[in-house]
Amino acid sequence: GETMTGWFETNRGRLNRREPAFEFLFNNLPKAPVIVETGSLRSPGNVDGDGNATMLFDELTAASGMVYSLDIDAACGVNIEKHCGRQVQFVEGDSLDTIRLLAARVKNIDLLYLDSLDVDFAHDELAAKHALTECQYGLSMLSRRAFVAVDDNDDFGRGKGRLVEQFADLKGWPLVVDGYVKIWSCNNGYR
């Protein structure tokens, strides 16, 4: 496959609103990251629309590391098999179920990336509650240096991350990237 720099550099111009977050992850995740993402590789090549975060995570873990990609749609698993390395493990099922099962056996992850339920910005309650519940179920997996990221947030405080942001504030997690993808550091002493 492509080198790590290859995918990111090739697609950087197409990432649009997600570019600052992807660049942050590219530069700040450890060398052999363990990543859990909810919402998987739906449309390979649709970098402009979906972001294809799974492809970034594939490249970041190509040398060593692990990605657990959770999605209810089995077609995502076929996409992962076709486009990603063996270190990207597809877990089929509702993310609220699968993240709990994963949390029972996976610890010390470096990134929890939440992007599973499509959001209607005018009515974000369902998607925001879903992301918050995923975050809460995933807490026991986080390493002390972990990041939590939530995709699909607008400039008006609406989106999947709206309730996670309130939760992160209560936890004292600093917001390290504020944008369409919000990222919090779970390490209060982050830089």
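Mentor: Gladly! Helices (H or I, at least four residues) and strands (E, at least two) are DSSP runs, numbered from the N terminus. This is a predicted model, where local features need pLDDT of at least 70 and side-chain atom pairs count only at pLDDT 80 or more, while totals for chains, interfaces and linings use all residues. Residues are numbered from 1 along each chain as its sequence is written, and side-chain values use heavy atoms, with hydrogens and water left out.

Trainee: Which elements each supply at least two residues of the lining of the largest pocket?

Mentor: They are α3 (47-50), α4 (53-60) and β2 (66-71). The lining has 25 residues, and Gly39, Arg42, Asp71, Asp115 and Ser116 lie nearest the pocket's centre. The space inside is about 420 Å³.

Trainee: How do the residues of that lining divide by class?

Mentor: Into 11 charged, eight polar and six nonpolar. Asp, Glu, Lys and Arg count as charged, Ala, Val, Leu, Ile, Met, Phe, Trp, Tyr, Cys and Pro as nonpolar, and the others, Gly among them, as polar.

Trainee: What makes β3 and β6 edge strands?

Mentor: The open sheet has seven strands in the order β3-β2-β1-β4-β5-β7-β6, with mixed pairing. β3 (88-92) and β6 (175-177) each pair on one side only. Two strands pair if DSSP finds at least two bridges between them; β6 and β7 (182-185) have two, in the antiparallel sense. Val177 stands opposite Ile183 in β7. Helix α8 (162-171) lies across β5 (142-150), β6 and β7.

Trainee: Why is α6 called roughly parallel to α7?

Mentor: Helices α6 (95-103) and α7 (125-138) pack at about 10 degrees, with axes 9 Å apart. Angles under 35 degrees count as roughly parallel, over 145 as roughly antiparallel, 65 to 115 as roughly perpendicular and the rest as oblique. So α6 is roughly parallel to α7. Contact means heavy atoms within 4.5 Å; Ser95, Leu96, Ile99, Arg100 and Ala103 of α6 meet His130, Thr133, Glu134, Tyr137 and Gly138 of α7. By class, this contact of α6 with α7 has four nonpolar, four polar and two charged residues.

Conventions:
Axes are lines fitted to C-alpha atoms, for helices over the stretch in contact, and angles run from 0 to 180 degrees between N-to-C directions. On a 1 Å grid over the protein atoms alone, a cavity is a set of points where a 1.4 Å probe fits but cannot get out, and a pocket is an open set with protein on both sides within 12 Å along at least five of seven lines; lining residues have an atom within 4 Å of a point. Grid points are joined across faces, edges and corners, and a volume is the space filled by probe spheres set on the points.
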